[in-house]
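Here are a few notes to read alongside the model, put together for someone meeting it for the first time. Keep the structure open as you go through the points.

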Amino acid sequence: MAAKTLTIDGKEVSAEEGATILDVATDAGIKLPTLCHLDGVYDVGACSLCLVEVAGMNKLLPACTTKISEGMDVKTDSERLRKYRRMTLELLFAERNHVCAVCVANGHCELQTLAYSQGMDHVRYDYSTPKWSVDATHRLFGMDHNRCILCARCVRVCWHIEGAGTKNVSGRGARATIITDLNQPWGDSETCTACGKCVMSCPTGALFHKGSTAAEMEHDRDKLEFIVNAREKKQWLP
Amino acid sequence: MVIDDLNAIAEKEQAARKKTVIRCCMAAGCMSSNSETVKKNLEQAVKDAGLADEVEVRGVGCMKLCCEGPLVSVDTQDALYEKVTPEDALELVKTLKGGKTKVKRGDFNHPFFKKQLSIVLTNSGEIDPERIEAYIAADGYQALHHVLRELTPKEVVEAMVKSGLRGRGGAGFPTGLKWGTVAKTQSAQKYVICNADEGDPGAFMDRSVLESDPHSVLEGMAVAAYAVGANQGFIYCRAEYPLAIKRLQNAIKQAKTLGLLGSGIFESPFNFNIDIRIGAGAFVCGEETALMASVEGKRGTPRPRPPFPAESGLWGCPTLINNVETFANVPPILRKGAEWFAGIGTEKSKGTKVFALAGKITNTGLIEVPMGTPLRQIVEEMGGGAPDGGKIKAVQTGGPSGGCIPAEALDTPVDYDSLTKLGSIMGSGGMIVMDETTRMVDVARYFMEFCVDESCGKCVPCRAGTAQMLHLLEKILNRQGTARDLAKLEELCDMVKNTSLCGLGQTAPNPTLSTLRYFRKEYEELLQPDPFGPGRNGEAKKSQLATK
């Protein structure tokens with residue numbers, strides 16, 4: 001394959017023909033914010049976080065799906081791009097119910113991490129607080145639609161890595177939702193192999209292992225009584 | 001089929017023409033007001049009067065003045081009858097023998113008809129769309145013969161480039177350039193798609209073309225397929241157009257029977273078949289990449305371009321996608337010559353454009369005018385202005401992707417570039433007229449709601465951004481919005497426009513942006529004082545917090 005040379009953020013780099021801007025930027029040590037991208041499955045260019053400016057193009061292009069060309073001049077960072085990325089994150093937070101404090105993914109959530117790294121310190125839009133359900137019918141996993149950002153990583157992993165084709169997207173617009181088989185409870189799915197790849201691919205807390213949610217945390221209530229007794233009654237033995 | 005056979009069909013058809021032709025509109029608009037029974041009664045009345053040998057009652061495509069339907073015309077009287085009821089049929093037939101009728105007479109000399117220039121709609125309202133012989137008698141399939149037997153594919157592309165035809169789907173991409181790109185791509189398999197997924201509210205041009213003259217689209221597609229080297233075509237038509245689908249199916253069947261579609265057309269090595277694919281009700285499937293996904297049987301969602309369909313389209317093969325009206329322009333261009341076509345219109349927008357006039361206007365219906373016709377001539381002269389002496393406030397073009405053009409700018413010539421300059425687009429041809437009673441913020445809200453409903457949900461800006469914009473517009477309309485909300489709305493318009501994945505999202509802010517540009521006062525009048533005063537990003541000033 002022929003090699004191509006291009007400029008990314010003023011840095012001259014070479015790359016193989018057919019590589020995407022995202023591949024080349026990552027190789028060059030430039031970290032682009034991504035959310036719907038997942039190494040190993042094809043890209044769809046849906047989250048609009050990795051949009052970059054390419055000289056001579058009047059449109060912003062998603063780095064994950066745009067193939068490089070000779071002499072391309074790419075800018076991955078600008079005041080305008082930063083603003084758009086922050087707004088995209090704000091829109092995601094306002095769209096469904098993302099409450100980090102009680103989320104299974106708190107601390108290891110890609111959405112949360114991106115919000116920190118992109119300087120999204122608050123959401124200026126009104127939260128839409130929609131009512132979404134939780135599917136806890138599967139014996140190992142659960143799906144909380146309140147946390148879903150519709151990146152469809154789980155769908156791609158399910159179809160193209162596991163080959164089970166259990167997960168899918170149904171409906172459109174804000175009503176779009178991830179479904180199992182023909183919109184059946186996950187626990188009833190005959191195609192799900194319970195491989196757990198979807199859970200591992202989920203950037204947020206929408207898909208989770210059972211037992212990991214805040215509500216499922218085991219509390220030792222007796223310990224509380226012990227402390228109170230110890231403090232107030234100076235009683236150290238239960 | 002050779003040219004002599006084609007000419008024989010045309011001659012036979014012309015010879016069979018009766019002295020008088022009563023045309024009865026059989027397009028969806030008139031049929032919804034019972035034109036089918038009108039036609040049946042006319043036929044019966046003609047038979048009863050013993051005129052069957054002299055008078056033909058012909059069901060034709062759209063007769064254009066839709067608001068006055070069902071329409072009936074009698075060619076020997078040069079008369080147009082409006083709002084004809086089934087009971088009027090007998091009386092109308094009696095006029096042929098000198099009787100009088102009280103049925104409302106239309107005026108073919110009205111600017112609505114006089115100022116039209118028909119290229120695409122030449123056969124509309126003239127011929128029976130359900131008979132291929134009628135199309136052949138009107139020089140049908142002559143262009144295909146000319147192309148197949150006398151021109152090389154390269155020469156066809158050159159003719160299209162020379163004609164200056166631009167895509168009639170809305171964006172106005174040069175058709176010849178698109179054909180040339182697909183033609184140059186090396187591939188054993190190529191496809192041609194006709195985009196008949198017309199979905200803009202208030203637009204019905206493509207439907208009328210398909211219902212009135214389906215063969216012109218088939219012929220255009222066949223010419224295109226020859227030029228680019230494709231052997232399979234698809235027409236993607238929305239399910240909401242059952243009559244158009246029925247007439248297309250019928251037309252394809254007839255063309256196949258006569259050997260005008262299929263293998264070895266006109267005894268040349270060229271093969272071409274057309275299949276119909278029916279949409280399932282998603283507006284976004286009018287976007288070419290979503291349309292192709294839908295044809296492939298997948299969920300109709302767009303994908304980023306490049307690669308463009310010309311390079312990688314249906315099943316990864318080079319694919320030519322054009323709109324119904326674009327294809328319908330092709331046979332006349334090749335029949336009459338590219339120079340003839342290039343002589344019509346403006347410098348950068350050639351030919352004519354079909355518009356569907358709707359809204360607060362006296363004459364609603366279908367018009368075809370040369371590019372560069374001033375908007376004022378269309379809405380005031382041809383459309384007859386606002387009904388009941390109202391005043392026109394704005395004209396909306398381009399549907400949810402377009403904008404509102406204020407009355408002050410009515411002298412603008414209608415062409416791609418002038419409309420873009422005004423913040424609207426040519427669009428596919430929907431033209432909705434609004435009068436003084438229309439609140440422009442309502443208009444913006446209506447189109448935004450449409451986009452929220454029709455967003456496929458794939459990319460974040462379009463899915464979540466349009467929902468937030470709708471929320472802000474509703475807040476402003478409910479008199480709960482502040483200047484801060486308006487600023488947020490404008491910021492979102494800019495963001496959604498620049499970051500959305502496909503045309504739907506990229507143009508969704510246009511109705512809001514254009515109403516903000518020309519009718520900002522209407523927004524501002526609805527705003528409430530900000531309880532926190534001016535601040536940045538929701539931060540209240542220290543002094544204000546202290547007094548709370």
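1. A definition to begin with: helix axes are lines fitted to C-alpha atoms over the stretch in contact, and angles run from 0 to 180 degrees between N-to-C directions. Helices (H or I, at least four residues) and strands (E, at least two) are DSSP runs, numbered from the N terminus. With that in hand, look at helix H10 (residues 205–212) of chain B, which packs on helix H12 (residues 242–257) of chain B at an angle of about 35°, the axes being 8 Å apart.

2. Some housekeeping. This is a predicted model, where local features need pLDDT of at least 70, side-chain atom pairs count only at pLDDT 80 or more, and totals for chains, interfaces and linings use all residues. Residues are numbered from 1 along each chain as its sequence is written, while chains are lettered from A and ligands numbered from 1 in the order in which they are written.

3. Which residues make the contact between H10(B) and H12(B)? From H10(B) come Arg207(B), Leu210(B) and Glu211(B), and from H12(B) come Leu243(B), Ala244(B), Arg247(B) and Leu248(B); two residues are in contact if their C-beta atoms, placed from the backbone, lie within 7 Å. By class that is four nonpolar, no polar and three charged (Ala, Val, Leu, Ile, Met, Phe, Trp, Tyr, Cys and Pro count as nonpolar, Asp, Glu, Lys and Arg as charged, and the others, Gly among them, as polar).

4. Now the two chains together: 27 residues of chain A touch 26 residues of chain B. On the chain A side, helix H2 (residues 79–95) gives the most, with seven residues. That side has 16 nonpolar, seven polar and four charged residues.

5. Chain A is assigned domain 1 (3–77) and domain 2 (84–216), with bounds that come from an automatic or database domain assignment. Their centres, taken over C-alpha atoms, are 26 Å apart. Domain 1 puts 13 residues into the contact and domain 2 puts in 17; the domain 1 side has 11 nonpolar, two polar and no charged residues.

6. Is helix H6 (residues 221–232) of chain A buried or in the open? None of the 12 residues of H6(A) is buried, so this helix lies largely in the open (buried means 20 or more other C-beta atoms within 10 Å of a residue's own, exposed 12 or fewer, and partly exposed in between, with C-beta atoms placed from the backbone). After H6(A) comes Lys234(A), with a positive phi near 55°.

7. Finally, Asp121(A) sits in the loop between helix H3 (110–117) and strand E6 (134–135) of chain A. Asp121(A) is exposed, because 9 other C-beta atoms lie within 10 Å.
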